[in-house]
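Here is a short briefing on one protein model.

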Amino acid sequence: MEEVHSKVLIKRPTFTTLGNCHAVFINNKLVLLIGPHWPFMFCVIPMIIAVLVGYLTLIAEHMEVVWQFGGVCIILLALVSYSTTALKDPGVVLSDSTNDLDEDTTGSTSLCRHCLIFKDNETEHCEDCGLCMRGLDHHCIFTGKCIAEKNIFCFYTMLTSIFGFFIYTMLFLSEKFE
Ligand SMILES: [Zn+2]
Ligand SMILES: [Zn+2]
C-alpha cells in the first residue's frame, strides 16, 4: 500500500529568542520581531486609542462628516504604522545571511564579536537588541526595538501622521474660532 502524502505546505510559525528580542519565523523567514522594550507598546497603543476616543467625543462632533472621516483616517494610519514598526523585522542580519555579502564588499567587512557574523558598512550592532541590523538608524524604546532598513518607512509614516493629526486639528480649531 502506498502512502499518500499531502502536497499542501503548512506554514507553521516558530517562536524563538534572537539576541534580546522575541522572534516569529514562518517557513524559516523572520516575520515578526518584538524588541526588548516591548512594554512601551502597551503605553503607546492605549495612548493612540485615547486620542481617537478624545477626538470622536470632543472635537469630531463639531465637524462636518468629511473632516470627521479625515481625522479618523489619520489616527488609524498612526496606529497601523506604529504597530507595523513595532512588530516588523527591522532588518536583522542573521548568521545564515552572511553569504549575502558579495565578493566586492569583502574589503569593508568586519566581524561582530557578539553575533559572530561578518557585517558590511551598512550593518551595525545594537547593544539593546543584541543583534546586528542592516541600515540601523537608531534604537527606539517607544517601538521597543531598532529602527532600521525595513521598518524606517513605517516609522516616518507614523511620525508624519502624528504631526499631521496635530496640524489637522489645529487648522480646524483655528477656523472654527476665527
Ligand atoms: Zn552583532
Ligand atoms: Zn535595538
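The buried residues of α3 are covered by elements that include α2 and β9 (145-147). Contact here means that the C-beta atoms of two residues, placed from the backbone, lie within 7 Å. Helices (H or I, at least four residues) and strands (E, at least two) are DSSP runs, numbered from the N terminus. This is a predicted model: local features need pLDDT of at least 70, side-chain atom pairs count only at pLDDT 80 or more, and totals for chains, interfaces and linings use all residues. Residues are numbered from 1 along each chain as its sequence is written, while chains are lettered from A and ligands numbered from 1 in the order in which they are written.

**Helix α3**

- Cys154, Phe155, Met158, Ser161 and Phe165 are buried in α3. A residue is buried if 20 or more other C-beta atoms lie within 10 Å of its own, exposed if 12 or fewer, and partly exposed in between, with C-beta atoms placed from the backbone.
- The 25 residues of α3 should span 36 Å at 1.5 Å a residue, and its end C-alpha atoms are 36 Å apart, which agrees. The expected span of a helix is 1.5 Å times one less than its number of residues.

**Helix α2**

- Gly71, Ile74, Ile75, Ala78, Ser81, Tyr82, Thr85, Ala86 and Leu87 are the buried residues of α2.
- Their cover includes β3 (29-34), α1 and α3 (152-176).
- For the 23 residues of α2, 1.5 Å a residue gives 33 Å; the end C-alpha atoms are 33 Å apart, which agrees.

**Packing of α1 on α2**

- Two packed helices are described by the angle between their axes and the distance between the axes.
- The axes of α1 (residues 41-59) and α2 (residues 65-87) come within 10 Å and cross at roughly 175°. Axes are lines fitted to C-alpha atoms, for helices over the stretch in contact, and angles run from 0 to 180 degrees between N-to-C directions.
- α1 and α2 are therefore roughly antiparallel to each other. Angles under 35 degrees count as roughly parallel, over 145 as roughly antiparallel, 65 to 115 as roughly perpendicular and the rest as oblique.
- From α1, Met41, Val44, Ile48, Val51, Leu52 and Tyr55 meet Gly71, Ile75, Ala78, Leu79, Tyr82 and Ala86 of α2.
- The residues of this contact divide into eleven nonpolar, one polar and no charged. Ala, Val, Leu, Ile, Met, Phe, Trp, Tyr, Cys and Pro count as nonpolar, Asp, Glu, Lys and Arg as charged, and the others, Gly among them, as polar.

**Record annotation**

- An unreviewed UniProt entry annotates residues 38-58, 65-84 and 155-173 as "transmembrane region". UniProt positions are given in the numbering used here, feature names are shortened, and annotations may be inferred rather than shown by experiment.
- Residues 38-58 are 86% helix and 0% strand, with end C-alpha atoms 31 Å apart.
- Residues 155-173 are 100% helix and 0% strand, with end C-alpha atoms 27 Å apart.

**Overall fold**

- The protein has three helices and nine strands.
- Its elements run β-β-β-α-α-β-β-β-β-β-β-α from the N terminus on.
- Of the 178 residues, 24% are buried.
- Among contacts between residues at least 6 apart in sequence, 54% join residues at least 24 apart.

- Ile59 lies in helix α1, and Leu173 lies in helix α3.
- Their C-alpha atoms are 8.7 Å apart, although Ile59 and Leu173 are 114 residues apart in sequence.
- Ile59 counts as partly exposed, with 17 C-beta neighbours inside 10 Å. Leu173 counts as exposed, with 12.

**Positive phi**

- Most residues other than glycine have a negative phi, and most peptide bonds are trans.
- Asn27 has a positive phi, near 50°. Asn27 sits in the loop between β2 (21-26) and β3.
- Asn27 is exposed, with 11 other C-beta atoms within 10 Å. The C-alpha atoms of Asn27 and Arg12 are separated by 6.9 Å, at 15 residues apart along the chain.
- Leu116 also has a positive phi, near 55°. Leu116 sits in the loop between β4 (110-112) and β5 (117-119).
- Leu116 is exposed, with 10 other C-beta atoms within 10 Å.
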